[in-house]
Amino acid sequence: MSNRLAMVGIALSLVFLASCSSMDRWGSRRDVFDTGLTLFQQGRFAEAIPYLEDATHDNPKDGQAFFYLGRAYLSQSKWRQAIPPLRTAFRLSPRDAQEEIINLIIDAGFAAAINDFKLGDILDSPRRSKELL
C-alpha cells in the first residue's frame, strides 16, 4: 500500500513539474511582458528592462516588447542601446505604428551623436580632461 501511495505521489509530482516547464522564472511568458510594461508605466525604467529583455527573448516576434524595451532605454538616456530593439519593433510592427518608431530611432541616433560630440569636446579640452581624471 505504501509503495502504491509513493508511486502516486511521484506521478503527481512529475505532472506538476511538467506543467511548470512551460513557465519561466517569473511565470508565463505574457506575465513577464506585463510586469515589464507595468514597471515602465510606473516610470521604473531600469527595473522594467530585464523583464522586457526576457520578453523579447521568450517571443522574438513580439514587436510590442521590443518597442517598450527601446523606449525604456531611451528613458534612461541609453541612446545606442535603444536603437536595436526599436529597429526590431519597426520590422515587426504594423504600418500605422512604424512612423512613431522611426521617429524614436532618428531621435536616438541624433541624441547618441550629440552625446558623443559633447563627450569628445570634454575629452579634447586639456583642462576638462584633467578634471575628469
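What percentage of the 133 residues in the protein do buried residues make up? Buried residues make up 29% of them, where buried stands for under 20% relative accessible area, exposed for over 50%, and partly exposed for values in between (1.4 Å probe, protein chains only). The model is a predicted one, in which local features need pLDDT of at least 70 and side-chain atom pairs count only at pLDDT 80 or more, while totals for chains, interfaces and linings use all residues. Residues are numbered from 1 along each chain as its sequence is written, and side-chain values use heavy atoms, with hydrogens and water left out.

**Overall architecture**

- The protein contains seven helices and zero strands; helices (H or I, at least four residues) and strands (E, at least two) are DSSP runs numbered from the N terminus.
- Read from the N terminus on, the order of elements is α-α-α-α-α-α-α.

**Salt bridges**

- Four salt bridges are found in a search of the whole structure, the criterion being a side-chain nitrogen of Lys or Arg within 4 Å of a carboxyl oxygen of Asp or Glu.
- R30 forms one of these salt bridges with D62, with the closest N and O atoms 3.7 Å apart. This pair links distant parts of the chain, 32 residues apart: R30 belongs to helix 2 (residues 29-41), and D62 to the loop between helix 3 (45-58) and helix 4 (63-75).
- R30 counts as partly exposed because its relative accessibility is 42%, whereas D62 counts as buried because its value is 12%.
- R30 and D62 are also linked with D34 in a network of salt bridges.
- R80 forms a salt bridge with D116, and their closest N and O atoms are 2.1 Å apart. R80 lies in helix 5 (residues 79-92) and D116 in helix 6 (residues 95-124), so this pair ties together parts that are 36 residues apart in sequence.
- R80 counts as exposed, at 53% relative accessibility, while D116 is partly exposed, with a relative accessible area of 35%.
- E47 forms a salt bridge with R44, in which the closest N and O atoms are 2.6 Å apart.
- E47 counts as partly exposed, at 40% relative accessibility, and R44 is partly exposed, with a relative accessible area of 35%.

**Helix 4 and its ends**

- Helix 4 is largely enclosed by the rest of the structure, because 10 of its 13 residues are buried.
- The buried residues of helix 4 are G63, A65, F66, F67, Y68, L69, G70, A72, Y73 and L74.
- The 13 residues of helix 4 should span 18 Å at 1.5 Å a residue, which agrees with the 18 Å between its end C-alpha atoms; the expected span of a helix is 1.5 Å times one less than its number of residues.
- A side-chain oxygen of D62 comes to within 3.2 Å of the backbone nitrogen of Q64 at the start of helix 4.
- S77, which follows helix 4, has a positive phi near 60°.

**Aromatic pairs**

- Four aromatic pairs are found in a search of the whole structure. Rings of Phe, Tyr and Trp (its six-membered ring) pair if their centres lie within 6.5 Å, with planes under 30 degrees apart counted as stacked, over 60 as edge-to-face and the rest as tilted.
- The pair of F40 and Y68 is edge-to-face, because the ring centres are 5.2 Å apart and the planes are at 70°. F40 lies in helix 2 and Y68 in helix 4, so the pair ties together parts that are 28 residues apart in sequence.
- F40 is buried, with a relative accessible area of 8%, and Y68 counts as buried at 15% relative accessibility.
- F67 and Y68 also form an edge-to-face pair, with ring centres 5.2 Å apart and planes at 80°. Both F67 and Y68 are buried.
- Ring pairs join F33, F40, F45, F67 and Y68 into a cluster.

**A nonpolar surface patch**

- I102, I106, F110 and I114 form a nonpolar patch on the surface, and together they have about 370 Å² of accessible area. Patches are made of residues with over 30% relative accessible area and no salt bridge, where like charges are joined within 9 Å and nonpolar side chains (Val, Leu, Ile, Met, Phe, Trp, Tyr) within 5 Å.
- Accessible areas come from the Shrake-Rupley method with a 1.4 Å probe, and for residues only the protein chains shown count as cover.
- F110 is located in helix 6 and counts as exposed, at 55% relative accessibility.

Definitions and conventions: Polar contact = N/O pair within 3.5 Å; in protein donor to acceptor, adjacent residues only side chain to side chain.
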